[in-house]
Amino acid sequence: MDAYLVAVFSVVLIYALLAIGLNLQYGETGLINFGHVAFFALGAYASALLALRGWPLPATFAVAAAVAAVAAVPLGLAALRLRQDYLAIVTLGFSETVRLVLQEERAITLGVQGVPGIPKLFGALGGRATDLAILLALLVAVALAAWATHLLKTSPFGRLLRAIRDNETAVTALGKDPARYKIQVFMFGAALAGIAGAFYAHFLTFISPEQFVPLVTFYVWMSIILGGVGSLRGALAGTLLLVAFLEGSRFIRDLVPGVAEVQMASVRLAIVGLALILFVLYRPQGLFGRQAS
Amino acid sequence: MTLAGVANLAVNGLVEGAVIALPALALTLVMSIARFPNAATGDLMTLGAYVAVGVQAVLVGSAFGAPLLGMAVATLAAVVACAIVSVAAYELIFRRLGRAAMVASLLASIGLAFLIRSLITLVVGHEQHTFALPLVRAWNFGGLRVLPTDLAIGAVALVVLAAVFAWLHFGRSGRLLRAVADNPDLARLSGIRAQRLMWLLWALAGVLSAIGGVLLGVKSVVMPELGWELLLPAFAAMILGGIGSPAGAVAGALLMGVGQELSVPLVGPTYKIAVAFAVLFVVLLLRPAGLFGRPELAR
Amino acid sequence: MLDVRGVSIEFGGFRAVDGVTLAVPPAAIVGIAGTNGAGKTTLFGAIAGQLRVARGEIVFAGRDITRLAPNRRARLGLARTFQVPREFGSLSVLDNLRAAAPNDAHESLAAAWFGRAGAARADGELERRADDVLALTGLSTMRDQPASALSGGQKKLLELSRALMGSPKCILLDEPFAGVNPVLIAQLLDVLRAVHARGIALVVIEHNLQALKAVVRRLVVMDQGRVIADGEPGAVLDDARVQEAYMGGVV
């Protein structure tokens, strides 16, 4: 298979992991997480920095997931007490703060320059074998994540999540504390994003704070809205469309001479902004999925 | 840290707080009436700054080239531009989302923020710009260094805030707006003409954002992330002060400004946003309705 | 069973409930009536835990629950229904009940992944219990319908059915007859009597005094945050103060 397509599909699968996690948080439980990129970043940096210190990759991936999950705990606690819009702002602030810390703590994270020379996943295989191995590993990861999410949705836990999303006060009045469940969902979604980050780091072999801007969070939001919130298949389909768009914009640049990469970045930002507005106006069912809006 | 050092930070914080107060006020009014946090406020500030700096650059060398006059005209242009954009956003987007869930308007406002920022960079590019103002030396009061520019900024902010408050308390439409902000059900109950009031609200939000952006641009530099970086402190100020309370927003903003500056010796100048976030987080955890907010609005 | 002692609830400076004392013995049916704004729903809010008590205390089954979180009170056996039904719209009626039932052991991430068999068995048991409850409340035919498809009256029955899944000792019903058509009212009355027959105490807020009279043995009337009458329905309704509170309305 063409090396380019392998790379593109790898990116699709990385975003798919992000989308599956966010879909669970918002689509199933109603948590407005505007800081998803923070878990992505934490996973990427955790895995990269440990790998550079000689840790074996399976261990760094596990730590990436764990770090992201633990980081989700304070946000989870916040989610319990805060109304939806406050949670959105707080999670946004959290992701910007994480990015700031990554930028500033040069001693640990090498700051704005980023972290180069990250060991490539399956690098020992060399050449095309490495690329295919990464793709395969991602396929397995996404399949596992999707399976775990499916099991979750079809379990009593999943049923309760939907109940919380539909009417949280009633859940409390029936003797259950929504807090416990929200935190678990937050942590699981964050862990998935952390693993996505680890894959990202060991795929690109270079990470820097500016790759983890809020725009990425909203890329993922666009994916899940495109596919219809709450639907696992929708999240995967939406991710495909998203990456197609991102890659497609690159081709446009090749077709139209004189368009600098920086300008393309602005064009992409404009389209994402416009798309968010249009989706919200004209495809509200994408925002509320199967739930009655 | 000497007393003069602390005083310097405090003064700088007050000036920053005064600037933050403008978008915070816009946020709190829109939040209490339209019931969602308008994430486009920051980038509207950026728009205002760019319009002003552009107009000023054009005017330099002409009859309006004198710094103060040029600034006045430039600011006026920014105010008009942002008011129009703000009201247009309401008409085209937020009014149609009126009955939809809050997350819809919130996402749309994020989209709008991205759209504004991207259009600015497409038209003008990513470079930084500064306002053409004469360089002035700081005044020194025995260790307390004060930049005349900062004083001017603070003064303008205070004048604008005072004018808005006067309008909210004594102007007919202003009092109506404040009443509705204080008690959103009131509008529906007493049949106050909603449409005109909403246009006023959004225009005011645009005006405040524009002036805030210009002042911020004068204080630092005009760049694409200018307003977005102030969004979190402005939100924090709004929540500190309690939603729907204009005075609370201003008080919150001043607190945030001073707090951020006083934290500099501890965490360095680059962590101001983190400080804003930390304050926001802690306040909300302890008092989910904000410091002066009403608990009924908390859930 | 439920002991409300001198409870006052304040909003800002306004006292919505003023020194209310009310004792509900086990397996009693008590009605609470009063004009709008008398403080009935506010009182419920405090008993159920959604509102803070400014003064006084609430004791349930021997425990002081005045400061207890709402979900903990429900676990002690104190259930409530809401004035405006709060159904889980995207779930079926059956799943509404299963989500309502205590199921801690199987409602966790770990159970979702590693305890499927146990969870499935528990769900089977919950289904049996749910069918039992649905038969009692008359919603059996709607078992597999999404809750959003129910009529207003049926949603009220659903609220009650959900509350029953927790094996409560006492249920607070907030205006169960409001907006329900007359045919369904008769059914609802039967359901309440059947629930009561199981030994569950019921406290019912209601404006519909006819319906209330048909099912309660004791009536409490509130006005402006205070209890102005408490006793046998007939006697209470003849009470001059009650008549005055209703200002000549048909009592």
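The structure is a predicted model.

**Chain A**

Chain A contains 13 helices and zero strands. Read from the N terminus, its elements run α-α-α-α-α-α-α-α-α-α-α-α-α. The radius of gyration of chain A is 19 Å, close to the 19 Å given by the globule rule for 293 residues, so chain A is as compact as a globular protein of that length.

**Chain B**

Chain B has eleven helices and two strands. Along the sequence, the pattern is α-α-α-α-β-β-α-α-α-α-α-α-α. For chain B the radius of gyration is 19 Å, and the globule rule gives 19 Å for 299 residues; the two values are close, so this chain is as compact as a globular protein of its length.

**Values for the two chains**

The table lists the span along the principal axes, the buried share of residues, and the share of contacts that join residues at least 24 positions apart, taken among contacts with a separation of 6 or more.

| Chain | Span of C-alpha atoms | Buried residues | Contacts at least 24 apart |
|---|---|---|---|
| Chain B | roughly 55 × 45 × 35 Å | 52% of 299 residues | 76% |

**A helix pair in chain B**

Helix α9 of chain B covers residues 228–241, and helix α11 of chain B covers residues 272–286. Their axes come within 9 Å and cross at roughly 25 degrees. Angles under 35 degrees count as roughly parallel, so α9(B) is roughly parallel to α11(B). The crossing of the two helices, α9(B) and α11(B), is left-handed.

On the α9(B) side, the contact is made by B:Glu229, B:Leu232, B:Pro233, B:Phe235, B:Ala236, B:Ile239 and B:Leu240. On the α11(B) side, the residues are B:Ile273, B:Ala276, B:Phe277, B:Val279, B:Leu280, B:Val283 and B:Leu284. Sorted by type, the residues of this contact between α9(B) and α11(B) are 13 nonpolar, no polar and one charged.

**Contacts between chains**

Two pairs of chains touch, and the pair with the most contacts is chains A and B. Chain B and chain C are not joined by any contact. The closest C-alpha atoms of chain B and chain C lie 9 Å apart.

Key: Residues numbered from 1 in each chain as written. Chains lettered and ligands numbered in written order. Predicted model: local features only at pLDDT ≥ 70, side-chain atom pairs only at ≥ 80, totals over all residues. Helix = DSSP H or I, 4+ residues; strand = E, 2+ residues; numbered from the N terminus. Rg over C-alpha atoms; globule rule 2.2 N^0.38 Å. Buried ≥ 20, exposed ≤ 12 C-beta atoms within 10 Å, placed from the backbone. Contact = placed C-beta atoms within 7 Å. Axes fitted to C-alpha atoms, helices over the stretch in contact; angles between N-to-C directions. Parallel < 35°, antiparallel > 145°, perpendicular 65-115°, else oblique. Left-handed = near helix turned anticlockwise from the far one by under 90°. Nonpolar A, V, L, I, M, F, W, Y, C, P; charged D, E, K, R; others polar.
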